[in-house]
Amino acid sequence: MASSSKVKVLVLGIESTAHTFGCGVAAGNGELLSNVNSEYIPPKGGIHPREAAQHHTQVAVGVVKEALRRAGIVPQLLSAIAFSAGPGLGPCLRTGATVARALALALNKPLVLVNHCVAHIEIGRLVCDLEDPLVVYVSGGNTIVSAFAEGRYRVFGETLDVALGNCLDTFAREAGLGHPGVPKVEELARRGRVFIDLPYIVKGQDVSYSGLLTAALRKLHEGVRLEDLCFSLLETAFTMLAEVAERALAHTGKKSLLLTGGVARSRRLQEILRAVAEEHDASFHVVPPEYAGDNGIMIAWTGALAYSHGLTAPIEASFVKPRWRLDEVDVPWR
Ligand code: AMP
Ligand code: MG
């Protein structure tokens, strides 16, 4: 074995906060060696945490083996095992944590706890090559505007209730549009002609989507033309977020804006936030689609950053944290 490969930091990361069980292997120098993900799609309705966790249990061994195979490494070469410890759904988190602990014990490697929101930001910073962006992180479960200040990712605005993705997915499901909801709503919205007034709720730097969702569902059941409703819902929801992001950009004076998370794949949201960035002479960046939704490699990469700064956890203290906030996490690598 060449001595250089012995000192190379290699971290395996496990993601299991919600619908996706993922595994990736990342190197400390930012090389992304593999990224294998299996998404649970419920036969009908929203995600039931226990059923998603059962899916994760069924696919875990296969996903981990495939991630190692694609990375082309034997597990003994790994420096550490990282897992997404929160925020997320309890049963799903515990499944990933159990797999990670078993691997750490069997291989005698340290364990690293990664915050899922931090990981969405770090993968975006890495692949878009950004030092210090204002971040708009939007997914099925989270809606956060964040910027780094004094050792942590601070929250400059977030949803007070449901997340942007969840709001649009729920509407899509009720309208019979299927999964994933956001692109389906967006497709119909392009054929919208009439803008229907819906509740636009911004409180200080925060947004609230539950009233908007309720109103949109009421209009749906009243028989309002679906294309017009999709158009109005999407424009209202995205503009609320853009307003908050714009004030955050003006206040923090950051020179770049990064859009990350599952809903970052929305063409319309990209368009709106690009305009916001241009208005403030900031560059605009979107995380590539393969790193937008929940994935294993973002946990591996963030795990590598944390491991390189000595942030490991003993097995007996490796609890999951379903409500772990982004701004509770110390970020010593910045
Ligand atoms: P995440 O929780 O980060 O995996 O993101 C899931 C969210 O991404 C859901 O709300 C989906 O509707 C949304 N999504 C999936 N595919 C797309 C797409 N192509 N464009 C926009 N949003 C998408
Ligand atoms: Mg996510």
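Trainee: How far is the polar backbone atom of Val 182 from an oxygen atom of ligand 1?

Mentor: This is a predicted model, in which local features need pLDDT of at least 70, side-chain atom pairs count only at pLDDT 80 or more, and totals for chains, interfaces and linings use all residues. Residues are numbered from 1 along each chain as its sequence is written, chains are lettered from A and ligands numbered from 1 in the order in which they are written, and side-chain values use heavy atoms, with hydrogens and water left out. Between the polar backbone atom of Val 182 and an oxygen atom of ligand 1, the distance is 3.2 Å.

Trainee: Which residue forms a salt bridge with Asp 228 at 2.7 Å, N to O?

Mentor: A salt bridge here is a side-chain nitrogen of Lys or Arg within 4 Å of a carboxyl oxygen of Asp or Glu, and a network of such bridges links Arg 191, Arg 225, Glu 227 and Asp 228. Asp 228 is buried, with a relative accessible area of 7%, where buried means under 20%, exposed over 50% and partly exposed in between (1.4 Å probe, protein chains only). The partner is partly exposed at 28%, and the residue that meets Asp 228 at 2.7 Å is Arg 225.

How values were computed: Polar contact = N/O pair within 3.5 Å; in protein donor to acceptor, adjacent residues only side chain to side chain.
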